[in-house]
Amino acid sequence: MDMHDVNLKDFMDVLDSCEGDVYMVTDEGDRLNLKSKLTQLIGFTKLIEGGTVTHARIECTNKADESKLFRFNLFGETSQ
């Protein structure tokens with residue numbers, strides 16, 4: 001799933017509620033596990049412009065997490 005123009009704080013809150021692993025996949029093919037706070041800092045550094053994630057490709061190991069992130073990306077919905 002591709003994500004665009006995401007509020008970083010809300011996105012991190014949704015990530016924290018995910019049960020499985022969530023990966024950010026870079027254009028170079030790197031897979032960063034976003035369940036790790038350290039990896040979040042490293043991965044988001046290159047994507048942040050003015051406090052929002054401008055573009056990210058996300059892969060999930062849990063289908064429910066994928067649905068949750070899809071709803072967040074489409075509707076900005078952060079509730080579970």
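Analyst: The following discussion takes up cysteines, the core, and helices in turn. This is a predicted model, in which local features need pLDDT of at least 70 and side-chain atom pairs count only at pLDDT 80 or more, while totals for chains, interfaces and linings use all residues. Residues are numbered from 1 along each chain as its sequence is written, and side-chain values use heavy atoms, with hydrogens and water left out.

User: How many disulfides does the structure hold?

Analyst: A disulfide is a pair of cysteine sulfur atoms within 2.5 Å. The structure holds zero disulfides. The cysteine sulfur closest to that of Cys18 belongs to Cys60, at 5.9 Å, which is too far for a bond.

User: Is Cys18 buried or exposed?

Analyst: Buried means under 20% relative accessible area, exposed over 50%, and partly exposed in between (1.4 Å probe, protein chains only). Cys18 has a relative accessible area of 5% and is therefore buried. Cys60, at 17% relative accessibility, also counts as buried.

User: Which residues touch the most other members of the largest nonpolar core?

Analyst: In soluble globular proteins, nonpolar side chains tend to be buried together. A nonpolar core is a set of buried Ala, Val, Leu, Ile, Met, Phe, Trp, Tyr and Cys residues joined through side-chain atoms within 4.5 Å. The largest one here has 16 residues, and those touching the most other members are Phe11, Leu15, Val22, Leu34, Phe44, Ile58 and Leu69. Helix 1 supplies the largest share of this core, four residues. Helices (H or I, at least four residues) and strands (E, at least two) are DSSP runs, numbered from the N terminus.

User: Which residues of helix 3 are buried?

Analyst: In helix 3, Asp65, Lys68, Leu69 and Phe72 are buried. Seen down the helix axis, these buried residues fall within an arc of 90° (taken from the directions from the axis to the C-beta atoms), so they line one face of helix 3. Lys63, Leu74 and Phe75, on the other side of helix 3, are exposed.

User: What caps the N-terminal end of helix 3?

Analyst: The cap is Asn62, which has a side-chain oxygen 2.7 Å from the backbone nitrogen of Ala64. After helix 3 comes Gly76, with a positive phi near 75°.

User: Where does Thr39 lie, and with which residues is Thr39 in contact beyond its neighbours within four places in sequence?

Analyst: Thr39 lies in helix 2, residues 37-45. Contact means heavy atoms within 4.5 Å. Leaving aside neighbours within four places in sequence, Thr39 is in contact with Leu32 and Asn33.

How values were computed. Polar contact = N/O pair within 3.5 Å; in protein donor to acceptor, adjacent residues only side chain to side chain.
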